[in-house]
Amino acid sequence: MTSVLRRGGSAVAFSWDQHAIPSSLLGQLQTHRFRSIETAASEDVSIGWCTPRDPTGDSFVLEDLDAGGHWWLRFRVDTKKFPAARLQMEVANAERARGKRLSARERRELKDDLHEKLLPGILPRTQFVDVLVHRDLHTALLLSTSKAAQEAFRKLCKDALGFEPKRLTSGAIAARTQGDQVVGKMQPTVFPGGGPKQRELALSADFLGDELLLWLWWKWETAGGEFVVPNGMVGIAIDDRVEFAAGTDETSLVLRHGLTTRAAEARAALKRGRVPTKARMLVAKGNQQWTVTLDGGPLAMGSVRLPEDSESCETPQDRTAERAASWLDLHGIVQHLFDKFAGDRVSMSFAAKVREMAEWMAGGAS
């Protein structure tokens, strides 16, 4: 059965600066392939590589990893856990039969006995996580935003490839393009009416991703939201969701549905100097359109919807190749927009732009 890469979901980006994926990738992945725990008599977790075509991990064929010149990797996570409710039920039955509570030792013995008898027949919970590796072999999109999936991906890369990939949060990208010393000296912009209400983020400089969302919102409303990117122009618009994180003395604010950017609550938040932390955006390039909820600080892409498959896609392989390119194009657009903002942020003219943004924020409620 031929698998097709999905058109929606979520993603976070990783990179490895000083390493390239070895030419022996197939053998490296197969060495750390998924191994079944279906018949295991103990609670366990198994994590390993498989291919989109063979979820068992038994076979690795190079063609199964091809996604139009990019790599489509997949790993599988199986978790076998004895159902707590079943154990509680068995304990209750034993206590009812004896007419007294079981001791701690008796409970432990009952649990061990049940595990030995029943765990081999309990099927594990299975999860598949996809990874797209750009043809430059230095950038990867993990198609999941969960912390567990990110940790599993790091460990699998370290075990199979010999190095641990680095998350491309907004702070990490800024440090890479603008320099550690420059970014290390940056502080969150304080707009009139508010204070530095920074949420907890992975890196201290990840506040730049939140400021990116404000900058995009400002550019959209005041200049039309069009940007020059490699191979053309891209347009952005804030759609039906805007979120402001809780500050030191305020509650979080989540606005959904309709013209959220024109809502009185959104304009009041801007007037108080609050910076958005998430926003759902429409992204258009040529005849293609994506929707994505961008989490500013970590630059995580959630609720992604790719453009419709083109009519030229006649086979599952065609659809996978087009979707892989579309996923990576969206990541490239987000990173390019952030690079533009970061260039603005470190420029000598940024103070003047802050004043313009502050005037826009203050006047937006009128």
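Modeller: Welcome! A salt bridge here is a side-chain nitrogen of Lys or Arg within 4 Å of a carboxyl oxygen of Asp or Glu. Please keep in mind that this is a predicted model.

Biologist: Thanks! How many salt bridges does a search of the whole structure find?

Modeller: Side chains of opposite charge can pair when their charged atoms come close. Searching the whole structure for such contacts gives a total of 19 salt bridges.

Biologist: Is R7 buried or exposed, and what about E308?

Modeller: Buried means under 20% relative accessible area and exposed means over 50%. R7 has 11%, so R7 counts as buried. E308 has 62%, so E308 is exposed.

Biologist: Which helices does the salt bridge between R267 and E221 tie together?

Modeller: The side chains of R267 and E221 meet with 2.3 Å from N to O. R267 is buried at 2% relative accessibility, whereas E221 is partly exposed at 27%. The two are 46 residues apart in sequence, so the pair ties together the parts that hold them: helix 8 (residues 264-271) for R267 and helix 7 for E221.

Biologist: Now for the rings. W49 and F75 form an aromatic pair; is W49 buried or exposed, and what about F75?

Modeller: The pair is edge-to-face, with 5.9 Å centre to centre and 90 degrees between the planes. W49 lies in strand 2 (residues 44-50) and F75 in strand 4 (residues 70-80), so the contact ties together parts 26 residues apart in sequence. W49 has a relative accessible area of 1%, which makes W49 buried. F75 has a relative accessible area of 0%, and F75 too is buried.

Biologist: How many residues apart in sequence are the parts that W217 and W360 tie together?

Modeller: W217 and W360 form an edge-to-face pair, 5.8 Å centre to centre with 75 degrees between the planes. Both are buried. W217 belongs to helix 7 (residues 207-223) and W360 to helix 10 (residues 350-363), so the parts they tie together are separated in sequence by 143 residues.

Biologist: How many aromatic pairs does the structure hold, and which residues do ring pairs link into a cluster?

Modeller: The structure holds eight aromatic pairs. Ring pairs also build a cluster, made of W215, F227, F338 and F341.

Biologist: Which residue lies over the face of F14?

Modeller: Here a charged side chain sits over a ring, at 5.9 Å from the ring centre. The residue over F14 is R167.

Biologist: Let's look at strand 6. Which residue is the bridge partner of V12 there?

Modeller: Strand 1 and strand 6 pair in the antiparallel sense over four bridges. Strand 5 (residues 125-133) also pairs with strand 6 in the antiparallel sense, over three bridges, and V131 stands opposite L142. The partner of V12 in strand 6 is L142.

Biologist: Which residue in the turn between strand 5 and strand 6 has a positive phi?

Modeller: These two strands form a hairpin with five residues between them. In the turn, a positive phi of about 65 degrees is found at L137.

Biologist: Finally, which helix gives the largest share of the lining of the second largest pocket?

Modeller: This pocket has a volume of about 250 Å³. Its lining includes V229, K285, H331 and D339. The largest share of the lining, eight residues, comes from helix 9.

Definitions and conventions
Residues numbered from 1 in each chain as written. Predicted model: local features only at pLDDT ≥ 70, side-chain atom pairs only at ≥ 80, totals over all residues. Heavy atoms only, no water. Phe/Tyr/Trp six-rings, centres within 6.5 Å; stacked < 30°, edge-to-face > 60°. Buried < 20%, exposed > 50% of the residue type's maximum accessible area, 1.4 Å probe, protein only. Lys NZ or Arg CZ within 6 Å of the ring centre and 35° of its normal. Pairing = 2+ DSSP bridges. 1 Å grid on protein atoms, 1.4 Å probe; cavity = no way out; pocket = protein on both sides within 12 Å on 5 of 7 lines; lining within 4 Å. Points joined across faces, edges and corners; volume = space filled by probe spheres on them.
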